[in-house]
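Hi,

Here is the structure I promised to pass on. Have a look at it first, and then read on for what turned up.

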Amino acid sequence: MRVNSFSHHRYGQVIAAVGLTVLLGLAAGCGTSDDSNGARIGPATMTTDAPAQDCGAAQAEIKASLTGMGAVTSVDVPTCDKAIVATSLGADEGDQAASLCQNAASEASTHGVGSVSVVSVDGKELATGTDSENCKAVAGS
């Protein structure tokens, strides 16, 4: 008679099967679609016409205040405290950017948006301000 009953061939298979089942069960629970700490795979998409929070009214009004001024390609209010006006302006057009900033800031302040930033076609900040009186071209633009 054997002293170690686990050395029997069938017991080894049962233990291996149970271990594999437990391991697969644990692995299946990792990385599920509702895993908030898991890495996101795929490209991030961002639209400038759909506000991230409840900034829709501010975004729409700021965009409307800039209609007809030219050069504006999009308006984004991602966190409801800052409006970003993207333009087709070059890096040396700070004066025109300041004018856009003043119009946008005048509307933004009525919606609780704290500041406005106007950026060039290459993403460089051209003008910034918290209200229409202090919107200024950024040095070097």
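A residue is called buried when its relative accessible area is under 20%. Cys135 comes out at 1%, so Cys135 is buried. Please keep in mind that this is a predicted model, and that goes for everything below.

A disulfide is a covalent bond between the sulfur atoms of two cysteines. How many disulfides does the count come to? It comes to two. If you number the bonded cysteines in sequence order, the pairing reads 1-2, 3-4.

Cys135 is bonded to Cys101, with 2.0 Å from S to S. That link connects distant parts of the chain: Cys101 sits in helix 3 (residues 94-108), while Cys135 is in the loop between strand 4 (125-129) and strand 5 (136-137), and the two are 34 residues apart. The torsion about the S-S bond is about -60 degrees, so this disulfide is left-handed. Cys101 has 0% relative accessibility and therefore counts as buried.

The other pair is Cys55 and Cys80, where the S to S distance is 1.6 Å. Which parts of the chain does this pair tie together? Cys55 is in the loop between helix 1 (9-29) and helix 2 (56-65), and Cys80 is in the loop between strand 1 (72-76) and strand 2, so the bond ties together parts that lie 25 residues apart in sequence. The link of Cys55 and Cys80 is left-handed, with -95 degrees about the S-S bond. Both Cys55 and Cys80 are buried.

Strand 1 and strand 2 run antiparallel and are joined by four bridges, with Val75 standing opposite Val85 of strand 2. Five residues lie between the strands of this hairpin, and Cys80 takes a positive phi near 65 degrees there.

Thr79 is in that loop between strand 1 and strand 2 too. The side chain of Thr79 makes a polar contact of 2.3 Å with the side chain of Asp81. The C-alpha atoms of Thr79 and Val113 are 8.9 Å apart, although 34 residues separate the two along the chain.

Now to the other end of strand 2 (residues 82-87), where you'll find Thr87. With a relative accessible area of 2%, Thr87 is buried. What lies 2.7 Å from a polar atom of the Thr87 side chain? The backbone oxygen of Val119 does. Leaving aside residues up to four places away in sequence, Thr87 touches a number of others, including Ala71, Val72, Thr73, Leu100, Val118, Val119 and Leu126.

Last, the helices. The axes of helix 2 and helix 3 come within 9 Å and cross at roughly 145 degrees, and the crossing is right-handed. On the helix 2 side the contact is made by Glu61, Ile62 and Ser65, and on the helix 3 side by Asn103, Ala104, Glu107 and Ala108.

That's the lot for now.

Cheers

Definitions and conventions. Residues are numbered from 1 along each chain as its sequence is written. This is a predicted model: local features need pLDDT of at least 70, side-chain atom pairs count only at pLDDT 80 or more; totals for chains, interfaces and linings use all residues. Side-chain values use heavy atoms; hydrogens and water are left out. Buried means under 20% relative accessible area, exposed over 50%, partly exposed in between (1.4 Å probe, protein chains only). A polar contact is a pair of N or O atoms within 3.5 Å; within protein, one must be able to donate a hydrogen and the other to accept it, and residues adjacent in sequence count only if both atoms are side-chain atoms. Contact means heavy atoms within 4.5 Å. A disulfide is a pair of cysteine sulfur atoms within 2.5 Å. Two strands pair if DSSP finds at least two bridges between them. Axes are lines fitted to C-alpha atoms, for helices over the stretch in contact, and angles run from 0 to 180 degrees between N-to-C directions. A crossing is left-handed if the near helix is turned anticlockwise from the far one by less than a right angle, and right-handed if clockwise.
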